[in-house]
Amino acid sequence: MNRKFISKSNRVLRNVLNSEENLDIIQDFIESFLKMEIKEIKLNPYLQEKSKHLPAEENFGIADVRIKAKKQKEFNIGIQFIDGYYAQNKMLLYYAQIHSNQLAYQDGRKIAKTITINLLDFNYLKSQEYFNKIIIPSKTENQIEMYVIELPKFLSSIDKILDRKQAWMTYLCGEKEIEIKKVLKIKNTIKNDKIRKLDDLLEKFWKSEVME
């Protein structure tokens, strides 16, 4: 995993990304992995408000957003890193938390389909693919939909042109400095400018971080 956010990954990225001016990074990440074009994206306030009352070491996801895609279809999307044991429990609890949080907004919104993206720094599923979709049937209108990204299963190569998803994976894994530098330097249609923006934000975060 990229060493710039390996320590307390959820807290670090939540602090860096949860602001209106950095929603473009979250949008690019979601579009790259879920293959959808986002017309509108908004931060859900619950995650930010809840984190104010948690101890600094508590993990509580990276982002919780409401998006509007093509044909005005809306989704509620949560992103988190998972570490340690009980990955299945953590995925299901996070999904339930992000989905049920919609009831707390009290702004007249309709309950939208919830999707969670779970990043793992270890192998968990039997599939050889690093990106997998889990669907659980539900009695409600929407099925439970969760995505699992297993970083160790991704094999990067600096000798080929990377698409947006591969560029994100190369940066997230961060195993080889030369590969990260390639991702940060490339300026073409895969929009690596969002990854470069995140990298700059992380640099500033760690330079300003002080011991409490």
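**Exercise 1.** Which residues lie nearest the centre of the largest cavity?

*Solution.* Some ground rules come before the steps. This is a predicted model, in which local features need pLDDT of at least 70, side-chain atom pairs count only at pLDDT 80 or more, and totals for chains, interfaces and linings use all residues. Residues are numbered from 1 along each chain as its sequence is written, and side-chain values use heavy atoms, with hydrogens and water left out.

Step 1: take a cavity as a set of points, on a 1 Å grid over the protein atoms alone, where a 1.4 Å probe fits but cannot get out; lining residues have an atom within 4 Å of a point.

Step 2: pick out the residues nearest the centre, which are Leu13, Leu17, Phe29, Ile62 and Trp168, from a lining of 13 residues.

Step 3: sort that lining by type, and you get 13 nonpolar, no polar and no charged residues. Here Ala, Val, Leu, Ile, Met, Phe, Trp, Tyr, Cys and Pro count as nonpolar, Asp, Glu, Lys and Arg as charged, and the others, Gly among them, as polar.

**Exercise 2.** Is helix 5 mostly covered or uncovered?

*Solution.* Step 1: locate helix 5 at residues 164-173, using DSSP runs (H or I, at least four residues) numbered from the N terminus.

Step 2: apply the term buried (under 20% relative accessible area, 1.4 Å probe, protein chains only). The helix is mostly covered, with 9 of its 10 residues buried; among them are Trp168, Met169 and Leu172.

Step 3: look just past the helix, where glycine 174 has a positive phi of about 55°.

Conventions: Buried means under 20% relative accessible area, exposed over 50%, partly exposed in between (1.4 Å probe, protein chains only). Helices (H or I, at least four residues) and strands (E, at least two) are DSSP runs, numbered from the N terminus. On a 1 Å grid over the protein atoms alone, a cavity is a set of points where a 1.4 Å probe fits but cannot get out, and a pocket is an open set with protein on both sides within 12 Å along at least five of seven lines; lining residues have an atom within 4 Å of a point.
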